[in-house]
Amino acid sequence: MTLRFPETGQFTALNKPVRMEYDIRELSVEGTIPAAINGAFFRAVPDPAYPPLHDNDIVLSGDGMVSRFLIEDGHVDCAIRYVHTHRFLAERAARRALFGRYRNPFTDDASVAGVDRTVANTTPVWHAGRLFMTKEDGRPYEINPHTLETVGRYDFAGRLRSETMTAHVRIDPDTQEMFFYGYEAGGLCTRDIAYCIADPDGNLVSEQWFEAPYCAMTHDFAITQKYALFPIFPTVADLERIKSGGPHWGHVQDLESWVGMMPRSGSVKEMRWFKGPPGVHAYHVMNAFDDGDQVHLDLCLSETNAFPFIRSDSNIAREQWEIGGGFIRWTLDLKEGSNVVKASPLGPPGDLPRVRDADQGKPYRVAWYLTVDPKAGPPLPGGPVGAAMNCLLRIEPATGRIDSLSMPFGWAINEPVHVPPSAGSKGDGWLVAVVDEQRGDDFHSQLWIIDATDVAAGPVAKVLLPIRQRPQVHGWWVPLEQLNHSKVGGVPARR
Ligand SMILES: [Fe+2]
């Protein structure tokens with residue numbers, strides 16, 4: 001049997017499938033890994049186990065792999081395994097792809113009607129000592145953080161009613177509550193959003209449903225100390241279009257955007273809707289915080305949807321480099337009578353934002369995100385958008401100070417995780433990210449450790465990887481003391 005993947009940008013260059021599960025102890029390290037960095041860097045890596053049913057398939061349909069770099073006393077081990085979703089197991093048994101177009105069950109092989117379609121490929125989420133692989137179109141899968149084996153599909157001990165859970169949860173750094181939501185909670189193309197809270201022990205203690213203004217791709221949200229914020233952008237689903245075999249999403253350039261805001265521990269009946277500009281879209285929220293009578297929501301905003309396949313499906317003729325946007329603050333004024341967001345620029349366009357975990361939902365001094373620096377050469381072809389990021393930014397929103405680390409020509413950088421500094425030491429801590437280098441037609445990957453205070457100085461240590469990494473989506477840092485107190489299936493687990 002010859003496996004033939006499409007010769008499209010979604011399956012070539014950096015996006016060429018790797019499809020390898022491995023466990024490598026002791027990687028080669030150049031430089032010295034700071035003592036503060038002891039823990040596990042979990043990453044979500046889509047990698048299709050089988051050639052897709054349709055040649056126009058996309059990276060986002062790739063089977064989820066959970067990758068782990070374990071960093072301990074200057075030593076680094078790595079491992080990666082497929083998430084055994086119901087979909088992965090069905091296709092493995094059949095030895096071929098059975099699921100069709102991205103988020104369209106009407107294009108699937110009849111043999112898998114009703115089988116969970118999610119590929120759990122977006123974010124590894126760590127909460128209450130447990131690891132989950134998530135994707136917004138389904139429920140999460142629990143993973144054994146030590147073996148990377150799949151425990152099973154997770155529904156909070158049968159309590160979760162929503163059919164979906166976001167890949168972008170928010171954890172309050174003081175209470176350790178996990179705030180999250182699921183959209184299309186009641187099924188395909190429903191306007192239902194389930195807003196949920198899990199207590200510090202991981203018990204689902206609240207699930208309230210409300211209706212969005214329309215069924216939108218709702219990829220991220222935010223909390224402040226007081227509020228939960230639900231940004232809604234006009235990338236919308238259409239059931240008839242899906243039933244006819246068409247795309248799940250269409251971006252509507254003249255449709256308004258919205259932000260729903262409610263007390264984060266209150267009732268969805270208290271939801272207040274603020275209007276934003278039409279046509280804009282943000283995949284990721286940097287952070288949000290309360291400021292007297294105002295609430296600030298800081299977004300990586302684009303003038304239209306950043307994914308080429310969605311623009312193409314929506315007849316929006318805009319090339320990637322023609323899309324304006326920026327790191328933008330939307331301010332919601334709580335005083336009576338105002339229901340329109342006020343936008344103010346904070347920084348250049350970019351995405352994959354990161355704040356310190358301790359700053360979640362609070363005023364923050366420093367943050368990091370990725371962008372494309374045209375001076376560093378054309379971006380490497382790869383990643384979900386088709387053009388990989390090549391520049392790391394450090395920004396202080398209050399002062400406007402920006403520092404940057406542009407990758408060398410022919411290199412790309414994936415979303416970093418942030419590691420806090422050692423207790424008592426000054427500085428912003430560390431960033432850990434996988435970077436990729438093109439050499440001829442080949443690609444090589446490294447893990448870089450970067451001083452989060454001085455990103456321009458470049459990596460303080462490099463970990464050399466013997467196997468090319470397919471581009472990740474998101475990652476999560478778990479300190480060693482938390483990893484050592486993990487649970488699997490709800491019971492304590494030893495390493
Ligand atoms: Fe995301």
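1. Strand 33 (475–479) is the place to start. Strand 33 contributes 5 residues to the lining of the second largest pocket, the most of any element. Strands (E, at least two residues) and helices (H or I, at least four) are DSSP runs, numbered from the N terminus. The model is predicted, so local features need pLDDT of at least 70 and side-chain atom pairs pLDDT 80 or more, while totals for chains, interfaces and linings use all residues. Residues are numbered from 1 along each chain as its sequence is written, and side-chain values use heavy atoms, without hydrogens or water.

2. The lining has 42 residues. Trp 126, Ile 171, Asp 357, Trp 476 and Trp 477 lie nearest the pocket centre. Elements that supply at least two lining residues include strand 6, strand 20 (281–291) and helix 4 (480–483). A pocket is an open set of points on a 1 Å grid over the protein atoms alone, with protein on both sides within 12 Å along at least five of seven lines; lining residues have an atom within 4 Å of a point.

3. The second largest pocket holds about 1100 Å³ of space. A volume is the space filled by probe spheres set on the grid points, joined across faces, edges and corners. The pocket lining splits into 21 nonpolar, 13 polar and 8 charged residues. Ala, Val, Leu, Ile, Met, Phe, Trp, Tyr, Cys and Pro count as nonpolar, Asp, Glu, Lys and Arg as charged, and the others, Gly among them, as polar.

4. Which residues hold the iron ion? The NE2 atoms of His 168, His 219, His 284 and His 474 coordinate the iron ion, at 2.0 to 2.1 Å. Donors are N, O and S atoms within 2.8 Å of the metal (3.2 Å for Na, K and Ca); water is not among the atoms, so sites may look incomplete. The donor residues follow the spacing H-x50-H-x64-H-x189-H. Distant parts of the chain are linked here: His 168 is in the loop between strand 9 and strand 10, and His 284 is in strand 20, 116 residues apart.

5. The iron site is irregular because the 4 donor atoms subtend angles of 92 to 157°. Four donors are tetrahedral if all angles lie between 85 and 135 degrees; four are square planar and six octahedral if opposite donors are over 155 degrees apart and all others between 65 and 115; anything else is irregular.

6. Strands pair if DSSP finds at least two bridges between them. Strand 22 (325–333) and strand 23 share 5 bridges. Arg 329 has Ser 344 as its bridge partner in strand 23.

7. A second open sheet of 4 strands, also antiparallel, runs 6-7-8-9. Strand 6 (123–127) and strand 9 (150–153) form its edges. Strand 7 (130–134) and strand 8 (141–143) are joined by 3 bridges. Leu 131 is partnered with Ile 143 in strand 8.

8. The structure has 5 cavities of 30 Å³ or more; in a cavity a 1.4 Å probe fits but cannot get out. The largest cavity has about 90 Å³ of space. Among the residues lining the largest cavity are Pro 48, Tyr 50, Arg 87 and Phe 99. By class, that lining has 6 nonpolar, 2 polar and 4 charged residues.
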